[in-house]
Amino acid sequence: MLDRQECHILSSYFAPRGHNRMYSLGMQLSQLYLSPFDHLIGVIGDAGSGKSALLRGMFPGLELTNDDDGVYVRPLPILDQTEGFFTPHTYHLDIRFENGFTQMSTLADAIKEALHNGKRVIVEHFDLIYPLLGFNADLIIGVGEQILLSRPTIFGPEPQDIRDKVYESLSYRLMAHTAEDLCELCLPPEDMERCGHDDVRHGFVLTFNDTEPEFDIAEVERKVNEMIAANLPVTYSDNNHISIDGKIHPCTGPRIHVSHTGMIENFHLLHHFIHDRLNHRYLLVGCVGKNAKENLKKLDKYQQQQIQNNTLII
């Protein structure tokens, strides 16, 4: 186990868009990559990327000091470290938020003190405090379109390297998630009720078990592009819903969206369903951003090759 961690440099996972899927992935990542010897864990990602949901999955019961519902723990526990039986083993802090109340040098000193006392410290926006610490994290977790996990060595990667990757890719995740919800709005009610969700790079997948849907994919694409052109507002409603131009829509990741539909770039759907024979389901694939059409063609070509190869083996 320790040898595997010492050889680990960088791993990448799709960043799912629903809370339950983020919790589940966080639990898996903690089992695969977290070590009892990891005392400093750096988390990097922009607001709305799902960092808090991932941390709740990785560290069940951890009291986050910057709760998504607007409840902030005060006084900040790491600034008031006292020795005793009931002192925390793990501290959490959000550097971007805390910097509005406390000097960065004070936060850096508090992190160093906690580490000296054998505590574990989880630091969101770790890239901001890194220059003042003078040493890297034991484990860095970056959250953007993908989740990157790195165990840095003296040769890197630096927190800024992870930041550059996840900040650049997050826009694709926000666009794809919003386009995914717009597609759901354009589906027949019976198909919207039964659709599931999966992931592809720079896009999304809607899944339908057992029977192939009968709706016109090109018509769904046209309607979605009309809503994109209308630049409709997209806002958080509650933990299970968003509002699209005032219309409430169910969503398990309500904070992971663009603010207006017009921010979705180059939306396209693959104009036929992909039959996932292994899992007995039909897939509707969409992509956004630059090279969306080319990405769809590559995905379609790849799955056609898989079908051909399986046929030859059989």
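The model is predicted, so local features need pLDDT of at least 70, side-chain atom pairs count only at pLDDT 80 or more, and totals for chains, interfaces and linings use all residues. Residues are numbered from 1 along each chain as its sequence is written, and side-chain values use heavy atoms, with hydrogens and water left out.

I begin with the helices. The axes of α2 (residues 19-33) and α3 (residues 51-58) come within 7 Å and cross at roughly 50 degrees. Helices here are DSSP runs of H or I, at least four residues, and strands are runs of E, at least two, numbered from the N terminus. Axes are lines fitted to C-alpha atoms, for helices over the stretch in contact, with angles from 0 to 180 degrees between N-to-C directions.

On the α2 side, the contact (heavy atoms within 4.5 Å) includes His19, Met22 and Tyr23, and on the α3 side Ala53, Leu54 and Arg56 are among the residues met.

I turn to the aromatic residues. Seven aromatic pairs are present; rings of Phe, Tyr and Trp (its six-membered ring) pair if their centres lie within 6.5 Å, and planes under 30 degrees apart count as stacked, over 60 as edge-to-face and the rest as tilted. Phe126 and Tyr130 have ring centres 6.0 Å apart and planes at 45 degrees, so this pair is tilted. Both residues lie in helix α6 (residues 126-133), four residues apart, about one turn of the helix.

Phe208 and Phe273 form an edge-to-face pair, 6.3 Å centre to centre with 85 degrees between the planes. Phe208 belongs to strand β8 (residues 203-209), whereas Phe273 sits in the loop between β12 (268-269) and β13 (274-276), 65 residues apart. Together with Phe215, they form one aromatic cluster.
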